[in-house]
Amino acid sequence: MQTSEKERLGLIRDASSTGALVFSKSKFAIDQTVKLTIRIDVGEDATVEVSGRVLRCERQTDGFWTFRIGVKFEPAREDLSTLFKSLGERQERLFGGSAS
């Protein structure tokens with residue numbers, strides 16, 4: 001995730017064409033504008049960039065990531081629906097069970 005100040009690391013947990021739930025060790029302000037660079041494949045340079053706005057930032061007490069951040073894509077990216085569905089199906093084949 002990138003803001004006007006700096007780039008920060010995060011992990012997308014759930015995503016759709018309208019937004020994403022991101023885990024991060026960094027705190028973000030509500031209404032803060034962010035840019036997400038989504039890596040499509042590990043070991044490849046395939047990335048997608050989306051802009052959005054932070055809707056919520058909640059501290060977590062368990063796990064590696066300190067914050068859960070809700071990001072709304074602006075504008076919505078309908079083209080990402082197919083991509084996320086394909087990634088979920090690939091994860092299910094690789095790891096078994098539900099990809100959610």
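Author: Accessible areas come from the Shrake-Rupley method with a 1.4 Å probe, and for residues only the protein chains shown count as cover. Here the chain has an accessible surface of about 6600 Å², and 49% of that belongs to carbon and sulfur atoms. This is a predicted model, in which local features need pLDDT of at least 70 and side-chain atom pairs count only at pLDDT 80 or more, while totals for chains, interfaces and linings use all residues. Residues are numbered from 1 along each chain as its sequence is written, and side-chain values use heavy atoms, with hydrogens and water left out.

Reader: Which elements does the chain have, and in what order do they run from the N terminus?

Author: Helices (H or I, at least four residues) and strands (E, at least two) are DSSP runs, numbered from the N terminus. The chain has five strands and one helix, in the order β-β-β-β-β-α.

Reader: How does the radius of gyration of the chain agree with that of a compact globule?

Author: The radius is taken over C-alpha atoms, and the globule rule is 2.2 Å times the number of residues to the power 0.38. For 100 residues a compact globule would have a value near 13 Å; the chain has 14 Å, which agrees. Along the principal axes, the C-alpha atoms fill a box of roughly 35 × 30 × 25 Å.

Reader: Is Gln-32 buried or exposed?

Author: Buried means under 20% relative accessible area, exposed over 50%, and partly exposed in between (1.4 Å probe, protein chains only). Gln-32 has a relative accessible area of 16%, and is therefore buried. Of the 100 residues of the chain, 33% count as buried.

Reader: Where does Gln-32 lie, and which residues does Gln-32 touch?

Author: Gln-32 lies in the loop between strand 2 (19-24) and strand 3 (33-39). A contact means heavy atoms within 4.5 Å. Leaving aside residues up to four places away in sequence, Gln-32 touches Thr-3, Glu-5, Gly-52, Arg-53 and Val-54.

Reader: Which backbone features deserve attention?

Author: Most residues other than glycine have a negative phi, and most peptide bonds are trans. Asp-31, by contrast, has a positive phi, near 75°. Asp-31 is found in the loop between strand 2 and strand 3 and is partly exposed, because its relative accessible area is 47%. The peptide bond from Glu-74 to Pro-75 is cis, with omega near 0°. Pro-75 belongs to the loop between strand 5 (67-73) and helix 1 (79-95).
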